[in-house]
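Visitor: I would like to learn how to read the features of a protein model. Please take them one at a time, with the general idea before the case.

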Amino acid sequence: MMTKTPEPVQVVKQRRDAALEALVAGVPYIRFLGIRFDRRGDELTGVLPFRDMLIGNPVLPALHGGVTSAFLEVTAIVGLSWSMLWPRFESGELDAEALAAGALPRLPKTVDLTVDYLRSGLPRDAYARAEVSRSGRRYASVLVEAWQDNRGRPFAQAMGHFVMPPQDRKE
């Protein structure tokens, strides 16, 4: 009996990164804001690179509240999507190459998002991480925090509730 030789780690990482990039690139608003995601295993960190167009109050200057809210929501949706896609990649049920080629799955839909603005977002890069509090077949709750220089001092946080896409059909 022949055993299958495991793929090199670098090949697996490249395939996962390509799948994540395809997931993010499939949403025009994410591209417009310039949000990207750094992946370490199954953990994602959203990155919002600073640009002058993101300033809402030039007197302070501070990031626009709508940009902050959108960054939190995008991080929650991508984090939630990745958490449901990750086991499907690992089991082989979902083909990361097909995802990278454009066979994108349906994303969760936002029911509500409550944002707490804790302090002004400064004119610099921002980071965010989502933690899935509850994820079922139909509904999910996600907590997300955004920070800049110090993860222990978030400038905004949000709690979101989402309707999950049906899982019975193959993407």
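**Reading the model**

Guide: Pro 105 is buried, at a relative accessible area of 9%. Buried means under 20% relative accessible area, exposed means over 50%, and partly exposed is in between (1.4 Å probe, protein chains only). This is a predicted model, in which local features need pLDDT of at least 70 and side-chain atom pairs count only at pLDDT 80 or more, while totals for chains, interfaces and linings use all residues. Residues are numbered from 1 along each chain as its sequence is written, and side-chain values use heavy atoms, with hydrogens and water left out.

Visitor: Where does Pro 105 lie?

Guide: Helices (H or I, at least four residues) and strands (E, at least two) are DSSP runs, numbered from the N terminus. Pro 105 sits in the loop between helix 4 (96-100) and strand 5.

Visitor: Which residues of the largest nonpolar core touch the most other members?

Guide: In soluble globular proteins, nonpolar side chains tend to be buried together. A nonpolar core is a set of buried Ala, Val, Leu, Ile, Met, Phe, Trp, Tyr and Cys residues joined through side-chain atoms within 4.5 Å. The largest one here has 40 residues, and Leu 20, Ile 35, Phe 37, Leu 48 and Val 78 touch the most other members. Elements giving two or more residues to this core include helix 1 (9-25), strand 2 (43-48) and strand 6 (126-135). Helix 3 supplies the largest share, 14 residues.

Visitor: What is Leu 48 in contact with, leaving aside its neighbours within four places in sequence?

Guide: Contact means heavy atoms within 4.5 Å. With those neighbours left aside, the partners of Leu 48 are Leu 33, Ile 35, Leu 54, Val 67, Phe 71, Asp 125 and Ala 126.

Visitor: How many bridges are there between strand 5 and strand 8?

Guide: Two strands pair if DSSP finds at least two bridges between them. Strand 5 (residues 109-117) and strand 8 (residues 156-163) are antiparallel, with eight bridges; Tyr 117 stands opposite Ala 156 of strand 8. Strand 8 also pairs with strand 7 (residues 139-147), in the antiparallel sense and over eight bridges. There, Val 142 has Gly 160 in strand 8 as its bridge partner.

Visitor: How many salt bridges does the structure hold?

Guide: A salt bridge is a side-chain nitrogen of Lys or Arg within 4 Å of a carboxyl oxygen of Asp or Glu. The structure holds four. One of them joins Arg 36 to Asp 38, with the closest N and O atoms 2.9 Å apart. Glu 43 and Arg 129 meet in another, at 3.4 Å, N to O. Glu 43 is in strand 2 and Arg 129 in strand 6, so this pair ties together parts 86 residues apart in sequence.

Visitor: Which residues form a nonpolar patch on the surface?

Guide: Patches are made of residues with over 30% relative accessible area and no salt bridge; like charges are joined within 9 Å, and nonpolar side chains (Val, Leu, Ile, Met, Phe, Trp, Tyr) within 5 Å. Here Tyr 29, Phe 32 and Met 53 form a nonpolar patch, with about 320 Å² of accessible area together. Such areas come from the Shrake-Rupley method with a 1.4 Å probe; for residues, only the protein chains shown count as cover. Phe 32 belongs to helix 2 (residues 28-33) and counts as partly exposed because its relative accessibility is 48%.
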